[in-house]
Amino acid sequence: MAFQLTDQEYRLVESLPEEDLVDLAVELDIPVGEAIDRRSVLDLCVVGFGDLARREGLPFSDYDRDDLELLPAAHRAALARRLGVSDSVSAILKSGRKLYKVYRRSRERSQVPMVLPALLGPLCRHLAEETG
């Protein structure tokens, strides 16, 4: 079964401007047609973040610490496994700091670091479900 945001998770990101959603989808290599089903695109973006984590890591800053600490331990562990680091919040943050700086310098219009915090919980849930 494909990943799906819960209603509560969707409500947190449903107000994302359509242009930003399309830009994010394009960055994550998700095809977007003329008619956009926001919920389906957001579901695919969560999966796309998981793929991005595997390929290059995820951009994290110290502002993400609280969100990472609030994750259930199993979800944080799934994220850490995908990133190839230990499951401590410090290790996860360390893995993403340099990448965050790269995004700020050379990918300044990227939606990835802007939207990642809002989809962090669903992403980690997806990763935990994927690994069983």
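**From the whole to one residue**

Modeller: The accessible surface of the protein comes to about 7400 Å², and 50% of this area belongs to carbon and sulfur atoms; such areas come from the Shrake-Rupley method with a 1.4 Å probe, and for residues only the protein chains shown count as cover. This is a predicted model, in which local features need pLDDT of at least 70 and side-chain atom pairs count only at pLDDT 80 or more, while totals for chains, interfaces and linings use all residues. Residues are numbered from 1 along each chain as its sequence is written, and side-chain values use heavy atoms, with hydrogens and water left out.

The mean pLDDT (the predictor's confidence in each residue, from 0 to 100) is 94, and 99% of the residues reach 70 or more.

The secondary structure consists of seven helices and zero strands; helices (H or I, at least four residues) and strands (E, at least two) are DSSP runs numbered from the N terminus. The radius of gyration, taken over C-alpha atoms with a globule rule of 2.2 Å times the number of residues to the power 0.38, is 14 Å, which agrees with the value near 14 Å for a compact globule of 132 residues.

Of the 132 residues, 45% count as buried, a word that means under 20% relative accessible area, whereas exposed means over 50% and partly exposed lies in between (1.4 Å probe, protein chains only).

We now come to the part for the close look, S110. This residue is placed in the loop between helix 6 (89-106) and helix 7 (112-131). S110 is buried, because its relative accessible area is 5%. A polar atom of the S110 side chain lies 3.1 Å from the backbone nitrogen of V112. Leaving aside neighbours within four places in sequence, S110 is in contact (heavy atoms within 4.5 Å) with E27, Y103 and R104. For L119, with neighbours within four places again left aside, the contacts are L5, V13, L42, C45, V46 and F49.

How values were computed:
A polar contact is a pair of N or O atoms within 3.5 Å; within protein, one must be able to donate a hydrogen and the other to accept it, and residues adjacent in sequence count only if both atoms are side-chain atoms.
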